[in-house]
Structure formats: C-alpha cells, structure tokens
Amino acid sequence: DEEQDRKLHPTCSTMIRFKEEFNKSTEETQQAVVEMLERSQSGIVVTDEGGIIVAINEAALRVSSYERAEAIGKNVSIFVPSAIAGMHQSFIENYLASGVARVVGRGRDVLLQDKFANYIHVYAQIDELRRGPELFFIAQLDPYITAQK
C-alpha cells in the first residue's frame, strides 16, 4: 500500500516517514518526529479518534489561515466545506464502528475550507496511527498550485 501511495503522489513520503517514526519511544526520536512535522512542506494535521485537532504544522496553518491556538482543540470539520461539515463526524464514527475505510489509507482530491470560508483544492492523504491504546488520524494536505498567466 505504501509503495502504491508513493507512486500515486510524490509528497506521500512525508506521511510514510512520520508513520515509521511515530511509534518509536525514545525522547530523541519523538523530538525528531515533531521537527519533521513542523518542517514539512505539506500541511500536516493530527487528530484524536474523535476528530479533535491535537497537532498542526505551519504549512497547514498557512493554507488554512488559522492560528495554531484557533485550531488546536477544535474538530477537524473546521477544514471541511460547510455543505458537508455537519456529516463529517458521522464519517469518522462510521469508520470507527465498521473498520471499513472509505478515506483512511487513501489519497484523494478534496476541497479544504479555510478560516475565511474560501475553498482550496488539496490532495489529502489520511491515515490511522496507533500508539498503544490511543488512535490518531493524520492528514497530509498538499495544495494544488496553478500557474497564473
């Protein structure tokens, strides 16, 4: 699956590296993972299993126009277009109940809604991360850049 993701989208390597390091337990490794998250050119958003944002990097803040303090502790649906934001939590709950992945483990083109209700086209890859009994979701967001003439 990871090899196929690399072929599908070249920036998936950030997500793969993050997943490889996430479950290592040394303090030094944990610090390296945090630094990798922050330095990534891709937007990275980490939520708990309830969809609450627990970490977000600078690239995701730039694309979404949020400040870190505005995003941490909020439901990830703040980034979902208003037309489907109300349903987003049920998507998470259905996945947790059924284990059937419709989005998790896959990359796809989506619209991200920023703080000012503008829509941004991004390639989003969402994956599941487990650390002991805790479950997290990590989203890698890569905005599409179009050349202006």
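Start by selecting Ser64: leaving out residues up to four places away in sequence, Ser64 touches Phe79, Leu112, Asp114 and Lys115, where contact means heavy atoms within 4.5 Å. Ser64 sits in helix α4. Is Ser64 buried or exposed? Ser64 counts as buried because its relative accessibility is 0%; the cut-offs are under 20% relative accessible area for buried, over 50% for exposed and partly exposed in between, with a 1.4 Å probe and protein chains only.

A quick note before moving on: this is a predicted model, in which local features need pLDDT of at least 70 and side-chain atom pairs count only at pLDDT 80 or more, while totals for chains, interfaces and linings use all residues. Residues are numbered from 1 along each chain as its sequence is written, and side-chain values use heavy atoms, with hydrogens and water left out.

Now zoom out and colour by secondary structure. Of the 149 residues, 39% count as buried.

Next, select Val45, Ile53, Ile56, Phe79 and Leu141. Those are the residues with the most contacts inside the largest nonpolar core, which has 21 residues; such a core is a set of buried Ala, Val, Leu, Ile, Met, Phe, Trp, Tyr and Cys residues joined through side-chain atoms within 4.5 Å. The elements giving it two or more residues are β2 (53-56), α4 (58-64), α6 (82-98), β4 (119-131) and β5 (134-143). The largest share, four residues, comes from β5. Apart from this core lies another one of six residues, including Leu37, Ile44, Leu129 and Ile138.

Stay on Leu141 for a moment. Setting aside neighbours within four places in sequence, Leu141 is in contact with Ser42, Gly43, Val45, Leu112, Val122, Tyr123 and Ala124.

Last stop: select His88, Phe91, Val103, Arg108 and Ile126. Of the 28 residues that line the largest pocket, these lie nearest its centre. A pocket here is an open set of points on a 1 Å grid over the protein atoms alone, where a 1.4 Å probe fits, with protein on both sides within 12 Å along at least five of seven lines; lining residues have an atom within 4 Å of a point. Which element gives the most to the lining? That is α6, with eight residues.
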